[in-house]
Amino acid sequence: MRVIEVKNLTKVYCAYEGKSLGRIFKRLWSREGVKEVKALDNVSFSIDLGESVGLIGVNGAGKSTTIKILTGILEPTEGVVRVFGNIPSKHRMKNNYRIGAVFGQRTQLRWDLPAYESYGLLKEIYNVDDKVFKERLDYFSEVLDIKKIMHRPVRTLSLGEKMRAELCAAFLHGPEVVFLDEPTIGLDIFSKEALLHFLKEIKEEKKVTIILTTHDLSDIEEVSDRIIILDRGKILFDASKDEVLNTLEVGSQIIFTLKNKEAVIPQSVKSLPFSISKNFLKVDNVSKDLVPQVLTDVFSYNTVLGVEINYPDFKDIVKQIYLQNKDRGRKNGDNLYKGKIGF
Ligand SMILES: Nc1ncnc2c1ncn2[C@@H]1O[C@H](COP(=O)(O)OP(=O)(O)OP(=O)(O)O)[C@@H](O)[C@H]1O
């Protein structure tokens, strides 16, 4: 079932230059000093129930703007956006019962109160049945390890504790879709792991649709099944994580430790980026098919003491996909890539 539908979405912000009183009055009848920023430019995608999508991109790519439009905080300038068939900015209340949101730098918990009190408030707002509320709170507080800390005023909690308490708040009303905008920002490795573990569990157990924005690709690797890369308001790439991992567009790196002082470079290596330092021969970007050939050739011409093969990890592959597509995307001036990998 399709839960999110975005068609030709464009968002233009008006940024005002200069803050003097004169300029502010002038703006009442003239557009002088008004600068338009196109944060999203003709973006289209859809998301099905139960999908877990990672939205990535460099600073200013348009990730937060997308999330704000999907949650109804902002209105699109052009295009059609539907969440559960509703227009998010017009049916915010209706949609709020079915969505949850976590913004890494904002909180929906009352600062001076224990999170537990805010949970009670959310229960009333969302009209959650007493028994269901208790069951959910027991489950989330256990998985998020907040049983004790949820009774302390939120202002006394550490960043990681606050974020765990925040996640609990976002899930208590049983949302079907949850938006997370940089939830791991500033978290230490243990808090981050706990949070990602929670998201994975909730995704598998409760089949919640998760839309996650982050700068940390390991978050996406852990939680998301699909990746959308945004760049300057356009979609550069949209494919499943499996497709990303199965492309060995980014080759491996092979490092040979040689006994002979003068390395003999076979033809198969000459066609690849390679470097020699002391008795190490480093060969980069070796495609999956070429690995056996390079190994055989280097071994036949040299006395090899050791070999290290570094396969590209998820981060390398995504980085490469971004770099390969960004220039072509800008030249074409359109959403470049959708559906399958094959640059
Ligand atoms: N309220 C605003 N007024 C004017 N311009 C804005 C406003 N909010 C965002 N922008 C601009 O829109 C573009 C997209 O911003 P957005 O916050 O969506 O990017 P992002 O991908 O979330 O970036 P980051 O990773 O830095 O959080 C940027 O150029 C930003 O400067």
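## The open sheet

Three strands form an open sheet in the order β2-β1-β4, with antiparallel pairing, where strands are DSSP runs (E, at least two residues) numbered from the N terminus and two strands pair if DSSP finds at least two bridges between them. Because β2 and β4 (78–83) stand at the edges with a single partner strand each, one side of each is left without a neighbour in the sheet. Direction ignored, neighbouring strands of this sheet are turned by 25 degrees against each other on average, the axes being lines fitted to C-alpha atoms.

Strand β1 (residues 2–16) runs antiparallel to β4 and is joined to β4 by five bridges; in β4, Val-83 is the bridge partner of Ile-4.

The model is predicted, so local features need pLDDT of at least 70 and side-chain atom pairs count only at pLDDT 80 or more, while totals for chains, interfaces and linings use all residues. Residues are numbered from 1 along each chain as its sequence is written, and side-chain values use heavy atoms, with hydrogens and water left out.

## The ligand shell

The ligand is surrounded by 13 residues (a heavy atom within 4 Å), with Gly-60, Lys-63, Ser-64, Thr-65 and His-215 the closest. The largest share of this shell, three residues, comes from α2.

## Polar contacts

Among the polar contacts (N or O atoms within 3.5 Å), a polar side-chain atom of His-215 lies 2.7 Å from a ligand oxygen atom, and an N or O atom in the side chain of Asn-59 is 2.9 Å from a ligand oxygen atom.

How values were computed: Polar contact = N/O pair within 3.5 Å; in protein donor to acceptor, adjacent residues only side chain to side chain. Helix = DSSP H or I, 4+ residues; strand = E, 2+ residues; numbered from the N terminus. Axes fitted to C-alpha atoms, helices over the stretch in contact; angles between N-to-C directions.
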